[in-house]
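Please keep the sequence and the 3D view open while reading.

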Amino acid sequence: MTAATHTEIYRPFRGALAPSRWAFWPLYRAQMAIATKRKLPLFILFFGPAMTGIVVSFLAYLSFQIEESGSGGPLLSGAGLAAQFAAQLLEVHKLIIQAMTAARYFAVLAMAWYGAGLICDDRRAGAHLLYFSRPLTRFDYMLAHFATAFTFGCFAVLGPGLLICTVATFNSPNFIFLTEKWPVIVGTIGYSLAFVTVLSALILAVSALSKRKSYALAAVFGVFMSTLALGGAMAALMRERQWRMLSLVSHFERVADWWIGSSRSIFRWDPWWSVAVLGGLTLVSFAIVAWRVRRMEVVA
């Protein structure tokens with residue numbers, strides 16, 4: 001029996017490494033594919049936001065069309081025409097506020113349905129054992145779940161808002177809606193993103209603490225309805241509107257009034273209080289999710 005010596009020369013790698021992929025992206029794509037596989041829930045949950053965006057966009061289009069047809073009269077010129085433009089811009093502004101109010105409640109339904117079971121279903125099925133056995137960090141795992149809930153929230157809130165603002169911009173004379181009401185457009189986008197971010201964090205926290213999706217769904221709606229009822233009841237009993245600060249919905253409405261400019265008179269507190277409450281709720285929710293996911297990884 002003879003011994004053989006292998007004397008291969010290992011040459012240094014001279015190629016270029018491929019850029020690293022985002023680790024959360026495959027999990028996010030898989031979750032979106034699973035969530036959108038059934039078309040009936042998508043149709044039911046997003047029919048309301050879609051119709052809100054379409055109907056309000058048509059009303060905005062119709063407002064500017066009526067304005068253009070009426071502006072050609074011989075008796076309307078100068079200050080009268082400027083007043084008419086201001087009145088029509090104000091009307092479209094009110095339509096956007098109403099659309100954002102309606103889309104908010106549709107978003108709660110859609111995001112709760114698709115986000116309430118993200119973490120608790122993984123724990124029940126043991127899917128997290130497979131995820132954490134791959135090169136997937138806790139941060140990437142949480143980011144994939146957050147991106148899933150965030151995407152459905154943007155479909156329900158940001159989508160109708162952008163559609164209405166786009167229609168209003170391109171149908172207003174000389175793009176006057178863009179030049180005169182650009183803070184409304186920026187406020188609509190900012191409020192939509194803030195609302196979806198806070199709600200996504202809250203839904204993930206509830207999902208991380210729940211054992212089943214049905215429990216998480218009930219808890220999400222319980223948080224909204226219980227705080228809304230508590231704030232309204234205390235404000236009515238004490239005859240002081242400041243008690244509405246106990247309602248989570250009132251804080252969202254206060255931020256919307258501040259950013260979109262609806263100027264409702266029922267809110268008397270500084271809007272920064274609402275920003276602090278919503279920001280604190282988001283941080284606490286993320287902390288709960290991180291704590292629960294860490295325990296899942298340890299068990300794995």
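Among contacts in the chain between residues at least 6 apart in sequence, 78% join residues at least 24 apart, a contact being heavy atoms within 4.5 Å. The model is predicted: local features need pLDDT of at least 70, side-chain atom pairs count only at pLDDT 80 or more, and totals for chains, interfaces and linings use all residues. Residues are numbered from 1 along each chain as its sequence is written, and side-chain values use heavy atoms, with hydrogens and water left out.

The chain has 11 helices and 0 strands. Helices (H or I, at least four residues) and strands (E, at least two) are DSSP runs, numbered from the N terminus. Of the 300 residues, 43% count as buried; buried means under 20% relative accessible area, exposed over 50%, and partly exposed in between (1.4 Å probe, protein chains only).

**Helix packing**

Two packed helices are described by the angle between their axes and the distance between the axes. Here the axes are lines fitted to C-alpha atoms, for helices over the stretch in contact, and angles run from 0 to 180 degrees between N-to-C directions.

| Helix pair | Axes come within | Crossing angle |
|---|---|---|
| H6 (residues 138-171) and H8 (residues 182-209) | 8 Å | roughly 155° |
| H4 (residues 118-125) and H8 | 6 Å | roughly 25° |

The angle of the pair H6 and H8 makes H6 roughly antiparallel to H8, whereas H4 is roughly parallel to H8. Angles under 35 degrees count as roughly parallel, over 145 as roughly antiparallel, 65 to 115 as roughly perpendicular and the rest as oblique. The crossing of H6 and H8 is right-handed, and the crossing of H4 and H8 is right-handed too. In this convention a crossing is right-handed if the near helix is turned clockwise from the far one by less than a right angle, and left-handed if anticlockwise.

In the contact of H6 with H8 there are 16 nonpolar, 8 polar and no charged residues. For this count Ala, Val, Leu, Ile, Met, Phe, Trp, Tyr, Cys and Pro are nonpolar, Asp, Glu, Lys and Arg are charged, and the others, Gly among them, are polar. On the H4 side of the contact between H4 and H8 are Leu 118, Ile 119, Cys 120 and Arg 123, and H8 contributes Leu 204, Ser 207 and Ala 208. By class, this contact has 5 nonpolar, 1 polar and 1 charged residues.

**Single residues**

Thr 151 lies in helix H6 and counts as buried, because its relative accessibility is 14%. A polar atom of its side chain lies 2.6 Å from the backbone oxygen of Ala 147. Not counting residues up to four places away in sequence, Thr 151 touches Tyr 28 and Met 32.

Gly 231 is found in helix H9 (residues 213-238). At 0% relative accessibility, Gly 231 is buried. Leaving aside neighbours within four places in sequence, Gly 231 is in contact with Trp 243, Arg 244, Leu 246 and Ser 247. From Gly 231 to Leu 248 the C-alpha to C-alpha distance is 8.6 Å, with the two residues 17 apart in sequence.

The loop between H6 and helix H7 (176-180) holds Asn 174, and Phe 175 is also found in the loop between H6 and H7. Asn 174 has a positive phi of about 55° although it is not a glycine; phi of Phe 175 is near 55°, likewise positive in a residue other than glycine. Asn 174 is exposed, with a relative accessible area of 74%, while Phe 175, at 40%, is partly exposed.

Definitions and conventions:
Polar contact = N/O pair within 3.5 Å; in protein donor to acceptor, adjacent residues only side chain to side chain.
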